[in-house]
Amino acid sequence: MSDATLHATTPDPGDFAVQIADQIESFLVAVTEVAKGDEPDSAVPFLLLEVSQLLLAGGRLGAHEDILPDERYEPDMGPEPDVDELRLRLAAMLDPVDVYSEVFDPYEPRKAPVPARISDDLADVMADLRHGMAHYRAGRTTEALWWWQFSYFSNWGSTASATLRALQSLVAHVRLNQPLQELDGLDTDQDLSEDALAEEAGRVMAEEIAGPLGLREVK
């Protein structure tokens, strides 16, 4: 990517930076709308779609050559936007399927799964993306791309990938009319082994969550 492309005064819809920013902005707007809770019946399928589309932008950033910022030190962005309200709204809407089990690093042998929360993950991703968007809106395109690429590798890429697996699994369980393993009573501050996760897991039939989440039940 040339400097001329990164610093163009008239954005070209075909430019890499514009396309990435558009995809990220679409995700930020969509998740914010979902968190309002106006359409809880379609929340899970919609989040599955939005996270999938976001990871396309992440894949493009990951495959791109390293992007270097213009300045050695990141400009001061001021206070970070608060994502706690969004996190709480998502947690309330996704209960009781918010908690899921995830292996942090698939290349670390015999790593035990740990509990995670979809609401925490989405809020975490939103915070990373908003930080880069603040640079983009201030005209610091290279800084924004650098931040999105760096944080994709260091945080939001793996977090969004884990969230996608959880959402896809949830939809698949309901569409295939398969019981879900509910992590009943688990919390993300617990350090639990695989055996402990199995002991804590409860049985929740798919039809019990299909209605509230707006997912079609397979007959």
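Predicted model: local features only at pLDDT ≥ 70, side-chain atom pairs only at ≥ 80, totals over all residues.
**Exercise 1.** Determine how α2 and α5 are oriented relative to each other, and which residues make their contact.

Solution. Two packed helices are described by the angle between their axes and the distance between the axes. For helix α2, residues 16-35, and helix α5, residues 118-137, the packing angle is about 135 degrees, and the axes lie 10 Å apart. Angles over 145 degrees would count as roughly antiparallel and those from 65 to 115 as roughly perpendicular, and α2 and α5 are therefore oblique to each other. The crossing in which α2 passes α5 is left-handed. On the α2 side the contact is formed by Ala17, Val18, Ala21, Ile24, Glu25, Phe27, Leu28, Val31 and Thr32, while α5 contributes Leu122, Val125, Met126, Leu129, Arg130, Met133, Tyr136 and Arg137. Sorted by class, this contact of α2 with α5 contains 13 nonpolar, 1 polar and 3 charged residues.

**Exercise 2.** Describe the crossing of α2 with α4, and give the classes of the residues in that contact.

Solution. Begin with the geometry: the axes of α2 and helix α4, which covers residues 84-94, come within 9 Å and cross at roughly 60 degrees. That angle makes α2 oblique to α4, and the crossing of the two helices is left-handed. Next, take the residues that meet, namely Val31, Thr32, Val34 and Ala35 in α2 and Leu86, Arg89, Leu90 and Met93 in α4. Classified, the contact of α2 with α4 comprises 6 nonpolar, 1 polar and 1 charged residues.

**Exercise 3.** Work out the arrangement of α2 and α6 and the make-up of their contact.

Solution. The packing angle of α2 and α6 is about 60 degrees, with 11 Å between their axes, and this makes α2 oblique to α6. Their crossing is left-handed. From α2, the residues in contact are Phe16, Ala17, Ile20, Ala21 and Ile24, and from α6 they are Thr141, Leu145 and Trp148. By class, the contact of α2 with α6 holds 7 nonpolar residues, 1 polar residue and no charged residues.

**Exercise 4.** Characterise the second largest pocket by its space, the elements that line it and the classes of its lining residues.

Solution. The second largest pocket holds about 350 Å³ of space. Its lining consists of 19 residues, of which Glu102, Phe104, Ser158, Thr159 and Ala162 are the closest to the centre. Turning to secondary structure, at least two lining residues are supplied by each of β1 (99-102), β2 (114-117), α5 and α6 (141-175), and the largest share, 7 residues, comes from α6. Finally, the lining of this pocket divides by class into 8 nonpolar, 6 polar and 5 charged residues.

Note on methods: Residues numbered from 1 in each chain as written. Heavy atoms only, no water. Axes fitted to C-alpha atoms, helices over the stretch in contact; angles between N-to-C directions. Helix = DSSP H or I, 4+ residues; strand = E, 2+ residues; numbered from the N terminus. Parallel < 35°, antiparallel > 145°, perpendicular 65-115°, else oblique. Left-handed = near helix turned anticlockwise from the far one by under 90°. Contact = heavy atoms within 4.5 Å. Nonpolar A, V, L, I, M, F, W, Y, C, P; charged D, E, K, R; others polar. 1 Å grid on protein atoms, 1.4 Å probe; cavity = no way out; pocket = protein on both sides within 12 Å on 5 of 7 lines; lining within 4 Å. Points joined across faces, edges and corners; volume = space filled by probe spheres on them.
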